Structures are given as C-alpha cells and as structure tokens.
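Colleague: Could we go through this structure together? I would like to start with the ligand and then turn to the sheets and helices.

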Amino acid sequence: MKIVIIGAGLSGLTAALALQKYLPPKLPSNDPLEIKIYDESETKAPGTVEYSWRDHSDIHRQQKAEQESGNKKKNQGAAISLQQNAFKSLREIDPDLANRVHASGLPCKGFTWKSRGDWLLGREDLEACLISRPVIVGILMEALCERGVRVVYRSVREVECREGVKPVVRFLGEDDEEEVADLVVGADGIRSVVRKSVFGDREGVRPVYLYVVMFPCSSDSPPLLFGPGTNHHHYSGNCAVGGVLDLPKSTPLPETYFADPRITFIHGPTGTFGYGGLSQTSPNKIIFFSFYDSDLPARGSKPDPQQVTEALRKRHQGWADPMIAQCLAQTDAIDTVYPIFYMPDLPSWGRDGCVLVGDAAHAMTPATGQGGSQAIEDGLTLALLLRTFIEVREGDHETAIRDIVPGLHAIRAEHVYAIKRAGLAIKEPARPWGWLTTLAVYGFYFVMTKVKLIKGLFGEPVYPAHLFDVRGEVERYVDARSR
Ligand SMILES: Cc1cc2nc3c(=O)[nH]c(=O)nc-3n(C[C@H](O)[C@H](O)[C@H](O)COP(=O)(O)OP(=O)(O)OC[C@H]3O[C@@H](n4cnc5c(N)ncnc54)[C@H](O)[C@@H]3O)c2cc1C
C-alpha cells in the first residue's frame, strides 16, 4: 500500500509518523507499506533533493549567519504556540518525541494582559509551549528520518482523482512524470493543490482573505498582497507585524519573566503589542507582534518595508513595558508578508483516494492559537482511523481507504469548525480608540480574566479544544459503522 503525503508541515509530518507507527509494515495480502512525503519548500529547480538532517539546536545560528551573509533561505515561518492537545497527540505517537519538542520550546503558563502604561489587567491560565517553527519541523523530520521515512523536495502540481481509479500525483515542471498511490494525503496548507484538485477553485471552497501579517528578515515575500481570485469581502481591517529576535546578550528577557512565563499582550489606543520567550535555554530569543487596524490595501499593492517599520515604532512609542522599546530598536525592515486566510467549512475533506488534513482542510485564524495543534490531531486521527478500518476490513486496504475519507470529516469537522468559528468571533473595537473605548477595553480584560478564573475554580473547561479524545472518537466512529 503506497501512501503519498503532500506537505511536510505539522499535519503532514505528524500523519507520516503516526501512519508509520500504527500501520503494519506488511498487510495480510503481503503488500508492503510505503510512505512518502513531498514538500516544495527546498525546491530550487525541478528534481529531487532528499532531506538530510542537521542538528536543530544549530538552526537559529545557521539562519542568522545566512541572513548576515546575505544568503537568505526560504523562511519556514517564525514561531508557534502549541497547546496541551498537540502534546497529547505527540505523546500518543512517541512520548520521547513529545518531550523533545517540549524541551526545545518555552512552556508557558498562559497569558498576561496589560495596559500601555504597564498596569496589569489580568492573567489567564492556559498551558502552551512557544516554539520556533524551524525547530519543531526539524525535530519531527529527524524522527521521520530515524524511522526510515523519506521526505523528498518536489513541488506537486496536481493530483488526479477519479472514481474507481487510484489517485495520480503530478509534479511541477516534470510533465511526463507521475506517481500512482493508494492514498494521497493533502497536507499542503492553505493554498493546497490537493484541495484544488479535489474541489476545483471556486467560491465556497477557496480560502477567505482576512488580514495581513508582516515579518522581517526574508528575501522571498510573496510579490502581491492579494493574488488574483482573492476574496476581499471578509477583510477584517486588522493587520499584524512581528518577528523573531535575538535580544542583545546584555539585555535578555528578565529572570522574573521565566519565573512565570506567559505570552504578554499589551493593549493601547493605537494597537496591541505582544511578546513571548521562545527557549528555556536562550533567554535572548523572543517573538514579538503588533496588531493594528488598516484600510484594505489596493489589489496588487506591496508594502514598503521602511514605512511598515516606521509605523510600528510610532504605534508603540513611549509604551511603558521596557521589552517593547527593545524589540522596536532591534527590528530591521519588515519585508515578509503573510496574508491571513481561513477556509470556509467544506462539505467533505476528500474523495476517491485523496484526503485533506490541517490547513488544507480547515485553516483557521491565528487568534484561535489552535491551527497547529489541530493539524497534529488530524494526523493522528487519520492514522488511527486507517489502522482500525484495515483491521475491521481484515486487511482490505482499498475499502479501508474508501471509508476513512468520509470518516475523518465525520470525526473531526464539527469540533474543528467550532474552534474556527470561536476564532472568527474574536473582535476588538476599531482603532484608534478614544479614552472611553480604551477604558472599556481595559475593564473588559480586567473582568474577563476574573470570570475565567472563577469558572476554572469550579472545574468548568474554558478551552474545550483540549477535550478531544482522538482514540475514543475513532473507536466510537468505527464501532458505529461496523455494527
Ligand atoms: C501568522 C500566523 C501565526 C500562527 N500562529 C499559530 C499559533 O501560535 N499556534 C497554532 O497552533 N497555529 C498558529 N497558526 C496556524 C498554523 O501555523 C497552521 O494551522 C499550521 O501550520 C498548519 O499546518 P499544516 O501542516 O496543515 O500546513 P503548513 O504548515 O502550511 O504546511 C504545508 C506544507 O506543504 C508544503 N506544500 C505546499 N504546497 C505544496 C506543493 N504544491 N507541493 C509540495 N509541497 C507543498 C509547504 O511547503 C509546507 O511545508 C498561525 C498561522 C499564521 C499564518
């Protein structure tokens, strides 16, 4: 049985690790299991480059050296916060792997909310781990290499999926080459070519543009803020700017921060500034972000890095938390743009041997803090579901694959869509705020944090995302279908 996974992000890598763990190396029919991952990220020209591992503790140093020498590589993104449900899934696959990920980031206890004058508005408890994206991707890749699963750098152009035939994968720039698989897993993110191959490209199955995030330090910003066919109707008016910084050795995050590490959000009339440490061993590594409001930029326009940086400094000038001034002083030209999209609810997550996971199926706004954790849960669910159906169908993998496509959607969609909706519902009053609105927002955070604290004391779950029981849900679904 050949499984081709397209995309080596969190969903694709977790799916590969879980499939490798739960599926037998040989099916009862004597058919061997083959798992392959394709990712476009290091594709420089048509052809294949296999992944070779390098020590992830060196990744930050290497990236910095590359940037300083002007040899900028494709940015794998800045950092991500993973919540308990992500670690529960990773532990299920391999407890050592989960520990490695946890130890490589900064476990946080939740959030601190402050005013621009440095008044504490409240604290909120939520276990999360802030981790650099290249580091977590590196750890998962390393685990795959150890298990003999290959990641091949190649850009997939399309997947042909037709009823009654196995899916066929075709590659960019290689017209005559194709690969037939029993199952294709579309883990290729918000701009998924697998999703396009399955559903086409029309309103309702196309990502919805929400806002734009900009980061410094990369040479390969997408050339346009809004490509052709982008849906502008839902523009939220919000933008974000941010980046990962190495603070000077003499001024790291203070020790008091590590005594109670939390992602800090500072609200003010012109924007919200946030920051958090990224490593237990390096107190200089920090991610920061600044949210603000802006009119919808013209179609096809490009942000001017210098203007964006100046506006960032102006927005937070004079704010009291000393970490803000540090970040502003360290930030160079901001030249990487991430337009933020979310996916409308899809009626299914695949057909005819193709199944979507992670952002390809259900991208949500970063405000949920759950996109990555849900992507990881998808990977585990897919593998457990396929293993269980193969057992129930006594090794008939073709029927099992036919069953998992609607199965994954039935098990996961309602839960994931509820989280996505909760993220879309998070809205703050449009800025700039007058003094009355500013006071009202401060009052809201002051009261909200106390209410959540009281609810927590009575055992009421504030974050239902953590309650999803992957193994239990899979067993319940397969039981119900086999009766
Ligand atoms: C600014 C920002 C901040 C965020 N913060 C958080 C956070 O704090 N916590 C959180 O949980 N989530 C966060 N998210 C969401 C989270 O990043 C995503 O939900 C998660 O990364 C999805 O993982 P994925 O594997 O499905 O997709 P991706 O991470 O997008 O991976 C897709 C992979 O597919 C590859 N690929 C794409 N097309 C092709 C092709 N044609 N051929 C071959 N390979 C291809 C890409 O190279 C990539 O490696 C944030 C998102 C953004 C934009």
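**The ligand and its surroundings**

Colleague: How many residues surround the ligand, and which are the closest?

Modeller: The ligand is surrounded by 32 residues, and the closest are Gly 7, Gly 9, Gly 189, Gly 358 and Gly 371. A residue is near a molecule or strand if its C-beta atom, placed from the backbone, lies within 6 Å of it. Please note that this is a predicted model, in which local features need pLDDT of at least 70 and side-chain atom pairs count only at pLDDT 80 or more, while totals for chains, interfaces and linings use all residues. Residues are numbered from 1 along each chain as its sequence is written.

Colleague: Which helices and strands each supply at least two residues of that shell?

Modeller: They are α1 (10-22), β2 (34-39), β3 (79-83), β16 (334-342), α10 (359-362) and α11 (371-392). Helices (H or I, at least four residues) and strands (E, at least two) are DSSP runs, numbered from the N terminus. The most comes from α11, which gives four residues to the shell around the ligand.

Colleague: How do the residues of the shell divide into nonpolar, polar and charged?

Modeller: There are 14 nonpolar, 14 polar and four charged residues in the shell. Here Ala, Val, Leu, Ile, Met, Phe, Trp, Tyr, Cys and Pro count as nonpolar, Asp, Glu, Lys and Arg as charged, and the others, Gly among them, as polar.

Colleague: Now the sheets. What is the strand order in the open sheet of six strands?

Modeller: The order is β6-β2-β1-β10-β18-β17, and the pairing is mixed. Two strands pair if DSSP finds at least two bridges between them. At the edges stand β6 (150-153) and β17 (350-351), each with a single partner strand, so one side of each has no neighbour in the sheet.

Colleague: How many bridges join β2 to β6?

Modeller: Four bridges join these strands, which run parallel. Tyr 38 has Val 152 in β6 as its bridge partner.

Colleague: What is the order in the open sheet of three strands?

Modeller: That order is β7-β8-β9, with antiparallel pairing. From one strand to the next, the twist averages 25°. Strand β8 (residues 168-171) pairs with β9 over four bridges, and Val 169 stands opposite Glu 179 in β9.

Colleague: Which residue takes a positive phi in the hairpin of β8 and β9?

Modeller: Gly 173 does, with a phi near 75°, and this hairpin has two residues between the strands.

How values were computed: Axes are lines fitted to C-alpha atoms, for helices over the stretch in contact, and angles run from 0 to 180 degrees between N-to-C directions.
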